[in-house]
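Take a walk through this structure, one element after another. Keep the sequence and the 3D view side by side.

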2 protein chains.
Amino acid sequence: MTTTVAPSPELFFTTLWGYQRTAALKSAVELEVFTAIQEGATTPEAIGRRCGASARGTRILCDYLVMLGFLTKSADSYALTQDSAIFLTKASPAYMGGTLKFLLSGPIVANHEFLTTAIREGGVPTAGDNTVSVENPVWEEFARAMVPMMAMPAQAIAEIVSSPSAPTRVLDIAAGHGIFGIAVAQRNPQARVVAVDWPRVLTVATENAAAMGVGDRHSTVPGDAFTVDWGAGYDLALITNFLHHFDVPTCTGFLRRVRAALVPGGRVAVLEFVPNEDRTSPPIPAAFALTMLAGTKGGDAYTMAELTAMLKDAGFGGVTRHDLQGPETVVIAHA
Amino acid sequence: MTTTVAPSPELFFTTLWGYQRTAALKSAVELEVFTAIQEGATTPEAIGRRCGASARGTRILCDYLVMLGFLTKSADSYALTQDSAIFLTKASPAYMGGTLKFLLSGPIVANHEFLTTAIREGGVPTAGDNTVSVENPVWEEFARAMVPMMAMPAQAIAEIVSSPSAPTRVLDIAAGHGIFGIAVAQRNPQARVVAVDWPRVLTVATENAAAMGVGDRHSTVPGDAFTVDWGAGYDLALITNFLHHFDVPTCTGFLRRVRAALVPGGRVAVLEFVPNEDRTSPPIPAAFALTMLAGTKGGDAYTMAELTAMLKDAGFGGVTRHDLQGPETVVIAHA
């Protein structure tokens with residue numbers, strides 16, 4: 001090994017203190033620091049007054065947020081970056097602060113306290129996995145918190161799969177907030193959506209469908225997506241952020257079951273974090289595998305080659321890939 | 001605001017998942033993944049065998065470590081970066097893995113669960129601060145864990161302050177592991193060190209002084225550095241990683257007390273995380289202010305201007321700055 005640059009422990013320190021970044025962002029969202037700056041507060045004193053926080057604590061937090069790249073600083077005055085204004089101020093339609101309620105909820109974060117054990121055993125050390133196998137309150141939290149994060153991919157999928165004016169029966173699997181099926185129904189007035197999920201979660205989907213003006217074309221089938229009778233004759237099946245919880249044989253078997261519910265030529269749309277074949281890039285899809293290791297028995301962030309193989313093994317053809325603006329990818333295939 | 005690049009939530013996601021980076025590094029050190037690769041294991045199967053971990057969990061962890069920059073990957077084979085080999089393999093003299101025992105110990109990490117409250121109140125919401133004000137077992141852990149991290153700055157300080165062959169009386173304040181005073185004694189055979197700290201911590205300093213061959217020139221004064229009688233007539237006082245726990249008036253008063261213990265012309269060496277005057281760079285010193293906000297009543301990462309003002313207010317002169325290889329800075333002044 002040739003030494004070409006001076007040794008540096010910087011990556012070690014930055015990484016070991018990664019948890020502070022999480023904590024700082026969480027506090028900034030809780031205190032509405034970004035919203036305060038958007039409203040015109042720029043000094044530690046003014047931001048602190050708006051947020052009910054000390055000037056000293058606000059100054060230290062805001063300096064940290066500058067260091068991370070969420071704010072800029074000039075003399076003692078802070079300003080938002082473009083992305084902070086778009087994603088972190090409450091009046092913005094793309095506000096994502098609410099997703100922290102799910103993404104940093106107790107059970108999800110606590111999974112990582114046992115990461116070493118999960119690595120030893122290859123998954124969480126329980127008979128089933130600890131978040132997906134039973135009706136879990138975490139999914140109702142998920143359904144309410146994740147709408148802002150999923151609005152953009154939902155619109156993108158609707159654009160890719162919709163025939164604007166053909167009768168379309170849509171099966172929205174593990175629908176959660178229902179946004180994916182709702183987006184298709186909004187774009188195509190002849191689309192009718194059947195949403196499948198646990199009963200408590202479906203109340204969120206039903207609320208959202210009514211609020212978004214498609215309640216009369218939105219119905220629900222409560223139950224376990226692996227076993228419930230969801231009928232047949234669908235033109236389109238949506239499987240969004242679902243396959244990553246399960247191992248390859250489970251995914252393949254599930255896709256076979258989905259294909260049996262589609263008309264010949266019907267389509268499936270799969271939304272996933274899809275890392276490159278090296279599994280180490282891009283950063284967010286690659287990192288998602290660790291989330292699944294910590295939280296499921298056999299889940300993963302599947303590569304395009306793996307998703308294609310699963311779909312083909314389940315009888316699908318014509319597999320195509322559509323990268324979205326954001327960290328996820330849509331994969332479309334034909335029954 | 002002009003939009004010049006497409007909006008991206010990437011920084012938001014990367015930051016909110018920062019805690020996973022901490023967890024992954026901690027698991028990799030616990031499982032000795034870096035050491036396993038150094039010893040010749042390169043595939044998930046081989047590394048897993050050496051570490052007592054599943055191939056699946058090892059693969060996902062190692063891919064994540066590649067994404068972070070700790071490893072490289074070629075086909076299914078992982079390799080160490082230069083810095084990982086130096087700082088993260090157990091046979092390396094600069095191995096830093098042991099510092100996680102202190103830096104990620106329960107009480108330190110738990111501070112950040114109450115970060116929002118600390119920001120509201122400007123420090124931890126107790127009468128004193130929660131780590132420094134009393135004899136706390138965390139400092140014994142600190143003393144044992146931090147030697148590898150402090151070996152390099154200790155050597156650097158010894159080099160800056162030592163007259164290799166003049167009688168020198170050294171006061172090593174909040175000595176902890178004792179490494180800073182020991183390094184001076186190793187370099188100057190006529191130096192005699194008095195180490196001040198809580199009694200339990202001083203047992204570690206005494207052990208280290210003996211092990212490092214300077215036990216006969218190393219004595220201890222147990223007690224609170226703010227009140228204990230440590231004598232007078234010192235040529236050199238070492239105040240390493242101590243001032244950041246306290247507010248400016250406390251630091252200034254403390255420096256005055258140190259100056260009174262020095263001979264005229266005696267020197268003080270202060271080791272600190274010193275951010276630039278913008279307080280937002282470089283990343284590690286700037287971030288350290290948040291650690292102090294979360295863990296102390298009034299501590300901070302002080303800028304060079306602030307440290308200089310404190311030293312001058314306490315009667316010191318000839319203040320000079322010495323940046324080290326690593327995230328900390330030495331500030332020297334004359335009594």
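This is a predicted model. Start with one pair of residues in chain A. Val194(A) has Ser219(A) in β5(A) as its bridge partner. The strands behind this contact are β4 (residues 191-197) of chain A and β5(A), which run parallel and are joined by five bridges.

Two helices come next. Helix α12 (residues 179-187) of chain A packs on the sheet. Its contacts take in β3 (168-173), β4, β5, β6 (234-240) and β7 (262-272) of chain A. The direction of α12 makes about 140 degrees with that of β6(A). Helix α13 (residues 199-211) of chain A also packs on the sheet, where it touches β4 and β5 of chain A. The direction of α13 makes about 175 degrees with that of β5(A).

Now take in the whole sheet. How many strands form it, and in what order? Seven strands of chain A line up as β5-β4-β3-β6-β7-β9-β8. The sheet is open, and its pairing is mixed. At the edges stand β5 (218-222) and β8 (317-323) of chain A. Each has a single partner strand, so one side of each is left without a neighbour in the sheet. On average, neighbouring strands are turned by 20 degrees against each other, direction ignored.

Finally, go to helix α1 (residues 10-16) of chain A, which holds Thr15(A). Is Thr15(A) buried or exposed? Its relative accessibility is 2%, so Thr15(A) counts as buried, the cut-off for buried being under 20%. Leaving aside residues up to four places away in sequence, Thr15(A) touches Arg21(B), Thr22(B), Leu25(B), Leu68(B) and Phe70(B).

Terms used
Residues are numbered from 1 along each chain as its sequence is written. Chains are lettered from A and ligands numbered from 1 in the order in which they are written. This is a predicted model: local features need pLDDT of at least 70, side-chain atom pairs count only at pLDDT 80 or more; totals for chains, interfaces and linings use all residues. Side-chain values use heavy atoms; hydrogens and water are left out. Two strands pair if DSSP finds at least two bridges between them. Helices (H or I, at least four residues) and strands (E, at least two) are DSSP runs, numbered from the N terminus. Axes are lines fitted to C-alpha atoms, for helices over the stretch in contact, and angles run from 0 to 180 degrees between N-to-C directions. Contact means heavy atoms within 4.5 Å. Buried means under 20% relative accessible area, exposed over 50%, partly exposed in between (1.4 Å probe, protein chains only).
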